Amino acid sequence: MLAAASGRAVSRDDRADLSAATLAAFDALRIAVTIFDGNERLTYSNAHFNHLFRSMPQQEALLGQSYTDLVRMEIEGGEIAPAETLGDAEGFVARRFAQLHGGEYRPQDIRLADGRTIEIKARRVAAGGWIALWTDVTESRALLARLTDAIELSADAFAFWNAKDQLVICNGCFAELHGHGAPADLEGVNFRDMMQAAADRKLFAIEGSPADWVTWRAETHESAAGAQTVTSARGVTYLIRERATRDGGRATVFTDVTDRRRVDAVLAEETQALSQMRQVLAKSQREAEQHATFLADMTKRMDAAQSGADAAKTTFLRTMSHEMKTPLNAIIGFSDMLRSTPERFGPEQVAEYAGLIHQGGHAMLRLVNHILDLTKIAAGRFELNRASVDVGLVLIAAKDAHETAAEKKGIALVLDDCGTGMMVDADQSALGSMVGHLVENAVTFTHNGGEVHLSLARAGRRVRIQVMDNGPGVETRELERIVRPFEQMPPQGGQPAQGAGLGLTLVKALAELHAGELNVQSALGDGFCATIELPAA
């Protein structure tokens with residue numbers, strides 16, 4: 001082979017001088033290897049070349065042929081697909097010959113008449129001449145074609161990036177969104193360069209400077225799994241999801257969520273109306289039922305927009321119906337009694353009924369707020385006002401807030417190792433909400449006379465917040481289920497399941513939004529332990 005690489009033809013005598021093991025190794029390759037001298041004459045080919053081109057003469061008969069002679073043999077032997085030559089055989093020969101000259105060393109694909117695709121790579125050797133490698137890439141090209149067809153059929157905009165963050169492939173929707181007519185126009189373009197061009201051309205609505213917008217896009221793009229929303233210059237809102245691929249690259253998906261945001265806006269307006277229900281005791285039952293019907297209609301429209309989520313929709317409607325009808329019936333019933341025959345009730349009864357109406361309104365407001373928070377988190381629109389927060393003070397506040405409810409059940413709320421001064425990087429309101437949900441759950445499901453312990457500890461670069469009770473616990477196999485939306489704690493002591501099943505879901509979502517996590521541990525009869533881990537400040 002060394003003789004061949006130096007430009008000297010490998011005759012029968014020369015082949016005898018070469019290592020038999022080396023020649024055998026070349027012949028065993030699943031890639032065809034051909035070597036040409038400075039005059040572009042074939043000096044060596046391995047056995048796989050004849051496997052690729054079955055009409056060609058055997059190796060020895062090919063020696064001395066020029067590269068263009070080999071191309072013509074391919075055509076004459078019926079090896080080349082007619083679509084490659086387009087009736088101009090010499091033009092095809094010239095295109096193939098150009099790969100060896102003028103810096104045109106990029107790989108070439110040629111399609112064969114039997115449906116195979118061969119990739120040719122050519123490189124000049126230092127001593128003169130060329131080495132050409134011929135590889136059957138039929139399967140990989142077919143897979144690439146299927147991928148291209150699949151993403152082109154999608155209504156979403158798709159793009160894939162290599163480990164150098166250069167675009168490998170995208171569909172027409174992605175190219176159009178970034179100001180180009182064809183996906184091929186963007187191949188090889190660096191992500192930051194593409195975002196800078198989009199910002200300069202004002203293809204998206206940008207708040208602040210274009211440089212800050214590019215940095216913001218890049219931070220999400222470079223994370224292991226990120227999501228954010230952007231609005232195009234035409235007013236279309238997209239949810240962008242970024243994921244790392246197993247080959248070190250990235251995958252990007254743009255999904256049009258404009259209609260969903262409009263539904264969210266309508267639901268937010270209705271939620272505001274519900275929060276004022278305590279002040280509207282004079283409304284008739286018909287008006288209240290109209291509100292409930294409108295909410296149900298809005299829920300159905302939201303679920304209809306979530307294609308493929310039939311199971312989640314059924315659970316959502318069932319839970320919403322129960323959780324909202326119960327306080328609504330109390331509000332309507334007691335307000336009707338007070339309105340129709342007010343003279344029948346004394347001050348104590350009025351106060352009692354008003355308290356029940358107030359309680360029902362709060363239950364509805366709490367449920368709607370939970371749903372809104374989860375919706376914002378899922379859409380990437382929940383804004384965190386992060387700062388250094390003293391976790392000890394948050395635990396003390398949670399203990400004070402639930403002390404009265406605990407005392408009514410004879411439950412001891414105990415602060416273990418909860419001194420002040422341990423700081424986390426978090427949104428104080430969100431952190432208070434997370435801890436409050438866990439303490440409330442512990443007090444609710446712990447038997448009378450039990451204990452609930454609150455503690456915190458440093459764990460490397462994180463702070464671990466723990467709420468543990470000695471209640472009845474749940475089966476270990478139930479732990480994964482109860483952190484999903486609308487999945488309630490199993491009934492305890494013959495009592496029905498309580499709540500809408502959103503508390504632990506919201507805590508988990510908020511913890512992950514802080515780049516933290518929620519872990520739950522329990523066993524039947526062995527209490528329940530919930531642990532939040534958040535980045536230390």
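**Close-up views of a predicted model**

View 1. Cys529 is buried, its relative accessible area being 9%, where buried stands for under 20% relative accessible area, exposed for over 50% and partly exposed for what lies in between (1.4 Å probe, protein chains only). This is a predicted model, in which local features need pLDDT of at least 70 and side-chain atom pairs count only at pLDDT 80 or more, whereas totals for chains, interfaces and linings use all residues. Residues are numbered from 1 along each chain as its sequence is written, and side-chain values use heavy atoms, with hydrogens and water left out. The structure holds zero disulfides, a disulfide being a pair of cysteine sulfur atoms within 2.5 Å. Cys170 is accordingly in no disulfide, and the nearest cysteine sulfur, which belongs to Cys173, is 9.8 Å away; Cys170 also counts as buried, at 3% relative accessibility.

**View 2. The aromatic pair of Trp161 and Phe174.** Eleven aromatic pairs are present in the structure; rings of Phe, Tyr and Trp (its six-membered ring) pair if their centres lie within 6.5 Å, and planes under 30 degrees apart count as stacked, over 60 as edge-to-face and the rest as tilted. One of the pairs joins Trp161 and Phe174 in an edge-to-face arrangement, with 6.2 Å centre to centre and 75 degrees between the planes. Because Trp161 belongs to strand β6 (residues 157–161) and Phe174 to helix α10 (residues 172–177), the pair ties together parts that are 13 residues apart in sequence; helices (H or I, at least four residues) and strands (E, at least two) are DSSP runs, numbered from the N terminus. Trp161 is buried, with a relative accessible area of 2%, and Phe174 is buried as well, with a relative accessible area of 1%.

**View 3. The stacked rings of Phe204 and Trp213****.** The ring centres of Phe204 and Trp213 are 5.6 Å apart and their planes stand at 25 degrees, so the pair is stacked. Phe204 counts as buried at 5% relative accessibility, and Trp213 counts as buried at 5% relative accessibility.

View 4. Phe36, Phe49, Phe53, Tyr67 and Trp134 are linked into a cluster by ring pairs.
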